[in-house]
Structure formats: structure tokens, C-alpha cells
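Have a look at the model first, then read on.

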Amino acid sequence: MLVDGHPEATAYHAWGWRRVFEEALGHETVYVAARDGDEAVGGLLATDVFRSWLFGRFMVSLPFVNYGGVLARTDRVKALLLAAARDEAAARGCAHVELRHLDPVYPSLPAKRHKVAMKLALAPSAAAEWERLDRKVRNQVRKAQKSDLGTVTGAPELLDGFYKVFATNMRDLGTPVYCRNFFEAVLSTFPERTRLTLIRHGNVAVAGALTVRYRDTLEAPWASSLRSYRASCPNNLLYWTVIEHAIESGCRTFDFGRSTMGEGTYEFKRQWGAVASPVNWEYALLGGDALPDQSPSNPRFKQAIALWKRLPVTLTTLVGPSIVRSIP
């Protein structure tokens with residue numbers, strides 16, 4: 001299999017994500033494969049098609065997750081996949097194809113490098129990892145442990161607690177939340193790779209993370225905590241718990257996910273020792289020369305974000321999924 005044997009493959013190149021995007025979000029997905037001569041499949045590109053009332057029509061590889069883009073064995077196959085993606089996009093009236101690569105794949109394409117991947121090379125034992133943590137981080141973990149916070153791990157049976165925390169945090173950030181079915185689909189499609197971790201105060205979930213294991217890396221693409229419990233540092237206990245699990249299960253890397261340099265999430269991840277590496281979002285433009293600006297930092301969204309933060313969580317949880325499915 002190309003994905004299993006390719007050194008640059010990520011968890012999101014797996015075929016199962018097609019089910020997640022199509023069934024949970026109602027998106028069309030387009031998977032393109034290329035052969036190198038008479039050889040077996042030498043390249044793969046998975047894309048998700050957006051028909052957004054907000055941003056128009058476009059394709060992304062891949063949205064809603066941290067990584068995606070082209071997998072190819074040769075430059076010739078890379079060129080074939082790009083040409084095929086352009087054709088598929090043109091046939092659907094799309095303005096561009098966004099390829100979310102870690103490293104540059106098509107140097108001639110315009111690109112954005114506004115995000116960084118934050119990864120931590122793990123020590124061989126939890127004890128060794130603990131000793132090399134910043135003193136402030138250790139103190140915050142200890143504070144959480146002394147604040148009557150408990151830890152529980154599992155999968156589907158913890159989804160309700162996780163989703164309540166996640167939906168509340170997204171409201172507080174001014175961001176529409178994914179539907180619960182999205183996370184349910186991730187867990188049911190990849191039961192051996194995924195895991196939920198909750199931090200509870202009594203029976204109330206106050207922080208939670210959904211982690212994904214791929215090869216020797218554990219990634220936390222979705223994690224949240226309640227601001228009302230910030231003084232008890234549940235987020236620090238959450239991340240220490242999943243890092244401990246990563247080490248105990250034989251992982252060599254913990255991936256905190258992507259961040260924007262200088263923002264609060266970037267600084268939080270950096271204090272754990274995570275190292276930033278730029279990601280490369282490359283664009284095949286079909287409808288002009290300007291790169292799309294779909295970032296929440298765009299001034300045109302400022303008032304909408306401020307309004308969203310003031311809405312009740314019950315309303316944002318009801319309305320948010322229909323909005324966020326149009327935002328990559």
C-alpha cells in the first residue's frame with residue numbers, strides 16, 4: 001500500500017477519512033491516484049470539495065485536520081496529480097485547490113507559511129520527560145492534581161463529556177463548532193488509533209482531548225478546557241496525561257497540532273518543549289492571482305466573532321455545525 005509505505009504519509013491519508021468527511025459533514029471527496037509507468041500506484045491525492053455560501057467553491061487537501069496534500073514517489077507523479085486536481089477543480093467550478101503540505105512539494109506554486117506544526121520529541125520514560133519539563137509547567141500539573149481533578153480515558157462512552165467541553169470552548173473563542181457526529185465518526189472509523197481523555201471535577205468534565213495515533217506519533221488535533229476552571233490548570237493535567245500515555249505506548253513524538261506563531265496556543269505548546277516547523281499550504285489557482293483569505297483574523301469576520309462569543313452554547317451548538325462545514 002502506498003500510504004503505509006510512504007515516509008511522508010500522515011494519519012489523514014488513510015481511506016477511512018473519506019467516510020468521515022462524506023457521512024458526518026456531507027462533503028464530496030475526490031481521491032486521485034497516479035501510476036508511474038506500468039508500476040503500481042505511485043501517488044495519491046485526497047481532496048474535499050467545498051461549496052461554501054461564505055467562500056465559494058474550492059478544494060482542500062485536507063480540511064478540518066492538521067495535514068494532507070500529495071503523496072508521490074517521483075516528480076513525474078507529483079505533476080500528474082497536480083494536473084488531475086486542477087481538472088477536477090475546473091470541472092466543479094472551483095476557484096482553487098489548497099494543498100496542506102508539511103514540506104514544499106510544488107515550489108512554483110504560491111504558498112502560505114502562516115502556520116507551524118508543534119512537535120515534541122519524547123524522552124524514553126515518563127520520569128525523564130517530567131524532569132526536563134519547565135518548572136512552571138510541572139507546578140501547574142501538580143496544582144491540578146491537588147485541585148480534586150481526576151483523569152479518565154476511553155473512547156465513545158466519553159464523547160458526551162468531551163463534546164460539551166469542546167463546544168463551550170469553541171463558543172468562547174468565537175468559532176462555530178463541529179457536529180457531534182464528526183467526532184463520533186472519527187472514533188468509530190479508527191477505533192484502534194483514537195482515544196479520548198477527560199479531566200473531571202467530580203462528575204463534570206472540565207477538559208478533554210481526542211488523540212490520534214499513527215506510527216510512532218501521538219497527535220492531539222482536538223483539545224479544549226473550560227475557562228471557568230482555568231485557575232485549577234486542567235489543561236496542563238490533560239496534556240501531561242496524554243504525553244504520559246504516548247511514552248508508555250512506545251511513541252517517540254507527541255504532536256500538539258498546528259498553531260500561529262506568537263498566539264496563546266503557540267506559547268502554551270512551546271513551554272512544553274515543542275519545536276515549531278513551518279507548514280506549507282500551496283495553491284493551484286484557477287480563478288485569479290490572489291490567495292484566499294479564510295482566516296478568522298481577517299477583519300471582515302471581527303464583528304461576527306465578537307457576536308458569536310456572546311451567544312448561549314445551546315444555540316452555537318445547534319447552529320455552528322451548519323456554518324463550520326463551509327469553513328476549511
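Predicted model: local features only at pLDDT ≥ 70, side-chain atom pairs only at ≥ 80, totals over all residues.

1. Residues are numbered from 1 along each chain as its sequence is written, and side-chain values use heavy atoms, with hydrogens and water left out.

2. Start with helix α6 (residues 159–173) and helix α11 (residues 313–324), which pack at about 90° with their axes 10 Å apart. That makes them roughly perpendicular (65 to 115 degrees). On the α6 side the contact (heavy atoms within 4.5 Å) uses Tyr 163, Ala 167, Thr 168 and Arg 171, and α11 brings Val 313, Thr 316, Thr 317 and Pro 321.

3. Now the strands, which count as paired if DSSP finds at least two bridges between them. β2 (residues 41–52) and β3 (residues 56–61) run antiparallel, joined by five bridges, and form a hairpin with three residues between them. Val 49 has Met 59 in β3 as its bridge partner. β3 also runs parallel to β5 (residues 96–101), with three bridges; here Val 60 is partnered by Glu 98.

4. Check the rings too: Phe 166 and Tyr 178 form an aromatic pair (centres within 6.5 Å) that is stacked (planes under 30 degrees apart), at 6.3 Å centre to centre and 15° between the planes. Phe 166 lies in α6 and Tyr 178 in the loop between α6 and α7, so the pair ties together parts 12 residues apart in sequence. Phe 166 is buried (under 20% relative accessible area) at 3%, and Tyr 178 is buried at 14%.

5. Elsewhere, both Phe 50 and Phe 64 are buried.

Terms used:
Axes fitted to C-alpha atoms, helices over the stretch in contact; angles between N-to-C directions. Helix = DSSP H or I, 4+ residues; strand = E, 2+ residues; numbered from the N terminus. Parallel < 35°, antiparallel > 145°, perpendicular 65-115°, else oblique. Buried < 20%, exposed > 50% of the residue type's maximum accessible area, 1.4 Å probe, protein only. Phe/Tyr/Trp six-rings, centres within 6.5 Å; stacked < 30°, edge-to-face > 60°.
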